[in-house]
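Biologist: I would like to learn how to read a model of this kind, feature by feature. Please give the general idea each time, and then the case at hand.

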Amino acid sequence: MKRVTLAAAIFGGILILGGVLTALATIGHSNEEVLRGFGLVLISFGGMCIAIPVYLEGVRLRNQHRRADGAPVAKRNLSPCSVCSAPTASLWCTTHLIRICPACLPRHDEPSRCLYRTLGRHSASSRGVAGSASGRS
Ligand SMILES: [Zn+2]
Ligand SMILES: [Zn+2]
């Protein structure tokens, strides 16, 4: 895989170089539009030759990394906290429209305004938090 990427990069580099030289050769010759166009096509094609295997390599590395990371399923349920951006947010403030984690809750909390919903789970436990917050005025 890596050798293919390298070969494609070299091939693309040669194409780009050829395209640049072709385009340069047409400078000053206004009647060689076709040749200049051909040079530009060579440049873009060479760029593609480099970009595609590099992109594929990047995807492969990312997949490898994700697999090595482990437990991507467990992480998917947790949203980042809007205050500290830790991936542990479990509450949603419906007043301020932000996600919040238990650690940031005391700092954010405005008892007269904030209404919370639990994230991820469809449980009635959010009512306890919301009820205590909305009871006062
Ligand atoms: Zn937080
Ligand atoms: Zn709030």
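Biologist: Is Leu 97 buried or exposed, and how many other C-beta atoms lie within 10 Å?

Modeller: The general idea is a neighbour count: a residue is buried if 20 or more other C-beta atoms lie within 10 Å of its own, exposed if 12 or fewer, and partly exposed in between, with C-beta atoms placed from the backbone. Leu 97 has 8 other C-beta atoms within 10 Å, so it is exposed. Its place is the loop between strand 1 and strand 2 (98–100). Helices (H or I, at least four residues) and strands (E, at least two) are DSSP runs, numbered from the N terminus.

Biologist: What should I know about the source of the coordinates and the numbering?

Modeller: This is a predicted model, where local features need pLDDT of at least 70 and side-chain atom pairs count only at pLDDT 80 or more, while totals for chains, interfaces and linings use all residues. Residues are numbered from 1 along each chain as its sequence is written, and chains are lettered from A and ligands numbered from 1 in the order in which they are written.

Biologist: What is the average pLDDT of the protein, and where does pLDDT stay under 50?

Modeller: pLDDT is the predictor's confidence in each residue, from 0 to 100. The protein averages 80, and 79% of the residues score at least 70. Residues 122–128 stay under 50, and the model has five contacts for them beyond four places in sequence. Two residues are in contact if their C-beta atoms, placed from the backbone, lie within 7 Å. Where pLDDT is low, the predicted coordinates should not be read in detail.

Biologist: Which residues other than glycine have a positive phi?

Modeller: Most residues other than glycine have a negative phi. Leu 97 has a positive phi, near 55 degrees, and Ser 85 has one of about 55 degrees. Ser 85 sits in the loop between helix 3 (72–76) and strand 1 (91–93). With 12 other C-beta atoms within 10 Å, Ser 85 is exposed.

Biologist: What is the order of the strands in the sheet?

Modeller: Two strands pair if DSSP finds at least two bridges between them. Here three strands form an open sheet in the order 2-1-3, with antiparallel pairing. Strand 2 and strand 3 (116–118) are at the edges with a single partner strand each, so one side of each has no neighbour in the sheet. Strand 1 and strand 3 run antiparallel and are joined by three bridges; Leu 91 stands opposite Thr 118 in strand 3.

Biologist: Which residues does Thr 95 contact, leaving aside its neighbours within four places in sequence?

Modeller: Thr 95 is in contact with Arg 113, Cys 114 and Leu 115. The C-alpha atoms of Thr 95 and Cys 114 are 5.4 Å apart, at a separation of 19 residues in sequence. Thr 95 belongs to the loop between strand 1 and strand 2 and is partly exposed, with 13 other C-beta atoms within 10 Å.

Biologist: How many Å should helix 1 span?

Modeller: The expected span of a helix is 1.5 Å times one less than its number of residues. Helix 1 (residues 2–25) has 24 residues and should span 34 Å, which agrees with the 34 Å between its end C-alpha atoms. Ala 8, Gly 12, Leu 15 and Gly 19 are buried in helix 1. Ile 16 also lies in helix 1 but counts as partly exposed, with 19 C-beta neighbours inside 10 Å. Beyond four places in sequence, Ile 16 is in contact with Ile 43, Gly 46 and Gly 47.
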